[in-house]
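Thanks for coming, everyone. Please take a look at the structure on the screen, and then I'll walk you through it.

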4 protein chains.
Amino acid sequence: MADIGTIVAEITAEMRGATERGRVADYIPPLACVSRDRFGIAVVMADGTLHLGGNAEEPFSIQSVSKVFSLTLALGMVGDALWSRVGREPSGSAFNSIVQLETEHGIPRNPFINAGAIVVADVLLASGTPAEAIAGVLRFVRSLAGDETITIDARVAAAEQATGYRNMALANYMRAFGNLQHPVEQALGVYFHQCALAMSCRQLAMAGRYLAHDGRDPATGRCIVTPQRARRIAALMMLCGHYDNSGEFAFRVGLPGKSGVGGGILAVVPGTASIAVWSPGLTPKGNSQLGALALERLAAATGWSVFEACSGL
Amino acid sequence: MADIGTIVAEITAEMRGATERGRVADYIPPLACVSRDRFGIAVVMADGTLHLGGNAEEPFSIQSVSKVFSLTLALGMVGDALWSRVGREPSGSAFNSIVQLETEHGIPRNPFINAGAIVVADVLLASGTPAEAIAGVLRFVRSLAGDETITIDARVAAAEQATGYRNMALANYMRAFGNLQHPVEQALGVYFHQCALAMSCRQLAMAGRYLAHDGRDPATGRCIVTPQRARRIAALMMLCGHYDNSGEFAFRVGLPGKSGVGGGILAVVPGTASIAVWSPGLTPKGNSQLGALALERLAAATGWSVFEACSGL
Amino acid sequence: MADIGTIVAEITAEMRGATERGRVADYIPPLACVSRDRFGIAVVMADGTLHLGGNAEEPFSIQSVSKVFSLTLALGMVGDALWSRVGREPSGSAFNSIVQLETEHGIPRNPFINAGAIVVADVLLASGTPAEAIAGVLRFVRSLAGDETITIDARVAAAEQATGYRNMALANYMRAFGNLQHPVEQALGVYFHQCALAMSCRQLAMAGRYLAHDGRDPATGRCIVTPQRARRIAALMMLCGHYDNSGEFAFRVGLPGKSGVGGGILAVVPGTASIAVWSPGLTPKGNSQLGALALERLAAATGWSVFEACSGL
Amino acid sequence: MADIGTIVAEITAEMRGATERGRVADYIPPLACVSRDRFGIAVVMADGTLHLGGNAEEPFSIQSVSKVFSLTLALGMVGDALWSRVGREPSGSAFNSIVQLETEHGIPRNPFINAGAIVVADVLLASGTPAEAIAGVLRFVRSLAGDETITIDARVAAAEQATGYRNMALANYMRAFGNLQHPVEQALGVYFHQCALAMSCRQLAMAGRYLAHDGRDPATGRCIVTPQRARRIAALMMLCGHYDNSGEFAFRVGLPGKSGVGGGILAVVPGTASIAVWSPGLTPKGNSQLGALALERLAAATGWSVFEACSGL
């Protein structure tokens with residue numbers, strides 16, 4: 001196997017030249033104006049070695065990737081009680097589908113579809129006002145990444161709030177079933193702001209390290225979550241992290257991952273690495289086209305896969 | 001960590017005494033008459049060491065666990081061309097749901113729901129008559145397990161054929177969309193017979209070894225499938241192996257697994273072990289109640305999980 | 001045939017004594033506190049003769065019956081252009097289902113399910129502010145009934161507005177598809193107020209006369225709508241007026257009708273009579289239990305049915 | 001109003017020249033080879049006067065129009081007990097949809113969608129062998145039309161049987177829920193043969209007279225069904241006779257009608273007329289394009305509508 005740095009450089013070069021780059025999300029102006037040319041990758045190894053490629057230092061809107069962090073926080077607050085309000089199964093539907101909520105009485109299938117993440121945001125409001133809950137998410141992500149410069153892009157949050165009718169529909173629908181405990185506006189306020197987190201690939205890969213290392217920050221040894229919880233969050237990422245394209249991602253990449261409509265994907269190789277990729281062009285199913293391709297290349301070149309016989313028979 | 005043999009013995013003892021054992025499938029007499037008291041487990045390690053517990057040598061109807069083997073065979077015959085006829089996504093629905101077929105034009109979501117496995121059976125018919133295709137499946141499974149005594153229970157196949165109206169509906173429905181190339185009766189004949197494979201936990205664990213070892217039989221070094229294909233089949237097991245309970249299984253057990261309505265589950269620990277459990281009592285979602293619990297206990301006691309940081313930070 | 005007055009009196013007596021009266025809607029307090037004992041009926045013949053029974057003079061919340069009047073107004077404003085924004089087919093689903101909106105891109109199946117009526121309310125906003133649109137509905141209904149004492153129950157409208165999460169979900173969902181042109185709050189404001197119209201059976205039967213008489217008020221000869229439009233509104237009532245119980249109502253009663261969750265039903269016998277019944281106890285599908293039974297009795301006793309061979313062979 | 005004969009002649013002339021004629025059903029050869037140029041109409045008045053236009057004497061495959069006659073026969077055999085096995089509501093779905101059967105446990109929504117008509121065919125098998133049941137349907141239709149020359153087109157029935165996978169799926173699916181009492185092949189045999197009835201517009205209009213005249217044959221005074229049953233069948237035609245286009249037909253034509261994929265439509269004007277039209281070109285929803293247009297023209301020109309104020313205010 002070539003060394004990781006070389007592999008990352010080769011992948012970056014390939015993605016630079018790629019012509020089929022997907023379509024940039026255009027439902028809000030701050031996302032629509034991001035250049036389709038961007039591609040970034042960051043791989044942080046267990047020992048802290050960092051491999052960067054392309055626009056790895058440029059912040060982007062992490063959008064739904066944030067759902068991993070808000071879920072972690074909410075589980076810290078209410079533990080397994082969360083699972084009475086949100087399921088743990090793939091939905092078989094698009095990220096913003098409302099159909100399943102009707103037959104399943106306002107309980108979203110999992111915490112990574114929009115409806116589920118709104119429930120998680122509602123849980124976070126137990127910690128205080130919307131502003132306090134949002135500050136808590138930001139503080140947590142900064143702490144995970146060890147980087148106090150991470151911010152929330154207020155323009156993105158405002159644009160989501162101004163046009164997010166479908167999320168308002170989801171929230172109101174769950175409220176009708178009693179599955180939101182705070183005013184709809186507050187839960188959505190937290191949700192829209194967490195999605196507006198702006199992070200670079202480097203920051204995102206750093207923030208995701210605990211998921212690759214049994215819940216522990218390998219740099220400091222600090223325990224973020226228990227090993228069991230880390231594995232369970234990874235399991236949810238594997239099964240539900242790419243909406244109705246999760247099977248495809250598991251099939252091609254073989255790693256737990258979570259994508260966002262901003263074009264970012266966080267993926268982890270248990271015991272080995274935390275990886276963030278970013279390219280704003282999306283597939284029709286709403287996942288980063290080059291991001292997923294880069295991860296497929298990386299997995300193929302390194303042999304990284306949770307299904308690999310790591311003892312190397 | 002206690003040694004595997006001790007863990008297996010403890011789990012067997014716990015399952016012996018368990019009072020909540022689920023409900024035995026009763027839709028056909030040969031399954032209904034199996035005693036709910038049965039529990040078996042077999043763990044075969046990379047080096048061939050075998051740990052058995054309970055009724056590990058008693059054959060049972062593997063039912064849908066067989067879909068892993070028929071998929072492997074079909075991929076060997078037609079390769080990735082298979083994926084134009086069956087998807088790779090969790091369905092979000094029950095094993096025998098027909099709803100998704102209507103909106104998705106007769107293409108089943110994945111090869112492990114009934115509809116998908118019937119397509120796979122149709123592919124196997126390219127090898128000859130129904131009898132020849134069935135013989136091919138039996139030969140393959142015997143070869144994988146290294147055990148020529150494995151048989152197909154003709155009574156089970158006959159009972160399925162006599163009452164399998166829902167599968168006949170699925171098959172006819174796909175035929176209407178042109179997604180079966182052979183007569184419905186023939187595809188169902190192959191399907192019902194493969195499901196009627198009778199195997200013990202020991203035999204099943206032996207047969208599953210290639211999935212734990214990058215496609216290779218670790219005893220002989222023989223390559224059954226490529227490493228990539230082995231990992232991809234494992235990915236499908238992880239995401240779709242327990243129907244609409246796959247998320248729960250991944251969350252609790254963290255291993256690729258495939259369940260059957262006969263109460264068997266095959267699970268693999270990449271690089272480490274192949275495991276078969278059996279207990280005929282089912283949960284309401286149709287998976288072995290004690291089988292899944294035993295695997296959860298085993299994963300917890302050993303730390304086995306594809307999401308574990310195996311480097312042991 | 002006994003005379004209508006006698007029939008009405010007999011039906012009233014039967015309903016008085018009925019023990020299975022259904023369940024009063026309890027989702028908002030102002031509806032929940034209505035006595036289940038109430039029953040009223042009003043039949044106004046083509047010549048203006050009025051037959052009243054029970055609590056025919058007591059105002060109740062007409063709720064979804066109002067959708068007939070708002071549809072009439074909206075068609076007067078935009079004509080057939082309305083039908084690009086709302087369909088004309090039975091939905092096969094409950095009154096507040098959101099499922100169909102997802103697959104049909106925010107276009108409700110018909111103007112009598114909640115989603116469709118919210119679109120109609122949005123159309124009415126073309127006439128001015130929400131207050132003006134609401135005043136327009138009230139003025140229209142007063143004029144139809146020839147009764148300036150009809151009012152809107154502000155407590156009911158306020159209670160709907162405070163708890164109507166499901167309608168807010170529907171409205172936001174359609175807004176996401178661009179099928180509302182005014183702010184969600186305004187469309188819902190109009191909708192909640194029109195549903196809060198308080199009318200007695202007598203007033204309601206009077207207001208519905210134009211639908212029984214080819215669009216004309218038989219008392220004054222004034223043309224409210226064209227004959228074609230009157231028949232078409234009646235057709236929509238027949239096919240969609242009782243949500244997913246419309247088939248049952250057509251089967252048992254055989255007349256165009258529109259029900260409301262307040263327990264009222266308006267039905268028309270073309271050329272012959274306009275009928276309003278009211279009893280607040282509802283069937284599980286949300287229609288007045290005794291109201292529908294009274295209409296079935298009335299139709300049986302009089303032979304009134306749009307499917308009757310009126311030439312009396 | 002012009003006289004009916006003149007109106008029928010004018011409509012026939014218009015349809016002759018129509019250029020948008022829809023698309024002939026091509027799923028079986030015997031239907032596909034019918035010329036798109038055909039158009040026929042037959043109107044039989046209460047007094048027996050017959051107005052014919054175009055190819056009114058040419059037999060065509062009545063297909064689903066036959067469901068009206070088989071329903072009438074089945075109700076005669078088992079009465080209202082039928083309604084425990086099939087519903088009375090519009091489905092909101094296509095004629096051959098299987099989705100609703102899954103959530104509603106094998107009970108079809110109404111007797112006019114394919115699934116419902118297969119249940120009705122299963123009921124008819126209580127009368128004897130499939131051949132006897134088919135003979136019974138033929139005898140009944142001949143008797144209604146007063147025409148012993150009506151036949152079943154064996155080629156059509158054979159072609160349906162050879163390719164009707166979707167109907168086989170529906171039948172097997174209902175069998176799985178216990179909602180068929182005879183072998184699937186037998187129920188389908190009856191169903192396919194009744195659909196293969198070949199009748200001309202004249203014969204079909206004659207056969208439908210009892211539905212326009214309170215259950216009585218106006219020529220002989222013979223009672224076919226009670227007035228109540230005749231009205232109820234007409235109500236079902238009105239609500240469900242054109243599948244998911246029933247609302248549109250009611251809106252435009254305002255009469256109870258039943259369409260077939262062979263391009264025929266039977267419609268009745270209670271007390272006044274029985275009408276059959278035929279033109280093989282279909283709309284995308286599977287109803288005769290010119291047939292429906294001809295009925296719309298006829299209704300507009302005559303004022304015929306069940307929603308008309310027939311007292312002529």
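**Sheet, symmetry and contacts**

Let's start with a strand pair. In chain A, β4(A) and strand β6 (residues 197-199) run antiparallel, joined by 2 bridges. Strands pair if DSSP finds at least two bridges between them. Helices (H or I, at least four residues) and strands (E, at least two) are DSSP runs, numbered from the N terminus.

Some ground rules. This is a predicted model: local features need pLDDT of at least 70, side-chain atom pairs count only at pLDDT 80 or more, and totals for chains, interfaces and linings use all residues. Residues are numbered from 1 along each chain as its sequence is written, while chains are lettered from A and ligands numbered from 1 in the order in which they are written.

Back to the strands. A:Phe60 has A:Met199 in β6(A) as its bridge partner. The open sheet has 3 strands, in the order β4-β6-β5 (chain A), with antiparallel pairing. β4 (60-61) and β5 (151-152) of chain A are at the edges with a single partner strand each, so one side of each has no neighbour in the sheet.

Next, symmetry. Chain A superposes on chain B by a rotation of 180° with 0.0 Å of shift along its axis, RMSD 0.0 Å. The two copies are thus related as by a two-fold rotation axis.

Last, chain C. 12 of its residues are in contact with 12 residues of chain A; contact means C-beta atoms, placed from the backbone, within 7 Å. Which element gives the most to the side of chain C that touches chain A? α8(C), with 8 residues.

Note on methods
Least-squares fit on C-alpha atoms with pLDDT ≥ 70 in both. Contact = placed C-beta atoms within 7 Å.
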